[in-house]
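Trainee: I've got a structure open and I'd like to learn how to read it. Can you walk me through some features?

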Amino acid sequence: MNDSATYRHSHTTQGYGETYEAAYGPSTYYGQLWNTIERDLVVSTLKQIRQAGAEKCLDFACGTGRILGVAESVFDCTVGVDVSDAMIAVAREKCAKSKIIKQDLTCSSLQDRFDVITSFRFFRNAEESLRNDALRSMHRHLSGNGYLVANIHGNPCSPGMIALSARSLVSRGTARTISKKKFERLLTNNGFKTEMQINYSYLPRIGSFFPRWYRPLMGPFEKALPNLPLLRHISESTLFVARVV
Ligand SMILES: C[S@@+](CC[C@H](N)C(=O)[O-])C[C@H]1O[C@@H](n2cnc3c(N)ncnc32)[C@H](O)[C@@H]1O
């Protein structure tokens with residue numbers, strides 16, 4: 001695999017930050033999911049951790065600052081790191097309170113240690129070796145008993161990922177997925193203990209075909225479906241809270 005094909009280089013093309021932001025526009029699936037479910041979930045999780053005494057937060061692979069922006073509304077000290085100038089340029093405009101560093105923490109470390117590290121939309125598409133390198137690095141950068149708040153967004157049993165895998169079969173590609181069990185195992189192998197899992201993102205991404213009825217339904221559906229026990233297996237995304245052991 002050449003360098004430009006690795007996940008480390010996947011978001012480095014000039015202008016990629018703006019493209020990424022557009023995917024989170026208010027009329028997109030991801031924008032609606034963020035506005036109806038995910039932002040509140042991240043805010044309430046980080047607030048609980050803040051109340052438990054955490055003060056310093058690092059957002060690993062901060063991208064355009066989507067999660068970092070939330071973190072800086074909760075914590076006084078926030079740092080974002082990413083390897084892409086294109087993504088960081090947007091984050092710097094949005095997250096004025098945070099220190100934002102271009103660095104690959106899997107290759108070199110910061111002096112600082114943090115009480116909480118966030119990492120979103122990273123683990124599904126990262127290669128297996130990068131997943132492990134990243135978790136080892138996060139472990140090194142956390143204070144004893146520190147918190148990792150991360151999500152995975154590619155459960156192979158979710159309707160969205162089943163559809164993607166079927167499409168990939170036809171086009172002879174491969175759909176990257178990661179199951180909750182697999183991620184929990186990665187966490188354990190890299191010195192973390194999972195404390196909490198919150199499932200979300202149940203509806204498949206068919207909204208662009210039926211935007212008029214899909215948009216108003218997303219909020220109520222996403223809030224009701226987690227209460228049905230069997231459905232927890234088919235959510236596309238899961239937020240994990242894990243602690244250093
Ligand atoms: C899908 S984006 C997620 C951005 C942000 N966390 C979010 O949830 O919106 C993935 C990010 O991972 C970054 N990345 C990839 N490999 C990395 C590494 N080794 N260290 C730091 N960031 C990395 C990419 O540059 C990209 O900005």
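Predicted model: local features only at pLDDT ≥ 70, side-chain atom pairs only at ≥ 80, totals over all residues.

Trainee: Which residues of α6 are buried, and where do they sit around the axis?

Mentor: The general idea is that an α-helix has 3.6 residues a turn, so residues three or four places apart point the same way. Here, the buried residues of α6 are G160, M161 and L164. They cover an arc of only 90° around the axis, so they lie on the same side of α6. A166, L169 and V170, on the other side of α6, are exposed.

Trainee: What span should helix α6 have?

Mentor: With 12 residues (159-170) at 1.5 Å a residue, α6 should span 16 Å, and its end C-alpha atoms are 17 Å apart, which agrees. Just after α6, R172 has a positive phi of about 60°.

Trainee: How do I describe two helices that pack?

Mentor: You give the angle between their axes and the distance between the axes. For α1 (residues 16-23) and α4 (residues 85-94), the angle is about 65° and the axes are 7 Å apart. By class, their contact has six nonpolar, one polar and two charged residues. On the α1 side you'll find Y16, G17, E18, Y20 and E21, which meet A86, M87, A89 and V90 in α4.

Trainee: And which residues come nearest to the ligand?

Mentor: Out of 18 residues around the ligand, those are A61, G63, R66, S84 and F120. The elements giving two or more residues to this shell are α3 (66-74) and β2 (77-82). Sorted by class, the shell has nine nonpolar, four polar and five charged residues.

Definitions and conventions: Residues numbered from 1 in each chain as written. Near = placed C-beta within 6 Å. Helix = DSSP H or I, 4+ residues; strand = E, 2+ residues; numbered from the N terminus. Nonpolar A, V, L, I, M, F, W, Y, C, P; charged D, E, K, R; others polar. Expected span 1.5 Å × (residues − 1). Buried ≥ 20, exposed ≤ 12 C-beta atoms within 10 Å, placed from the backbone. Arc of directions from axis to C-beta. Axes fitted to C-alpha atoms, helices over the stretch in contact; angles between N-to-C directions. Contact = placed C-beta atoms within 7 Å.
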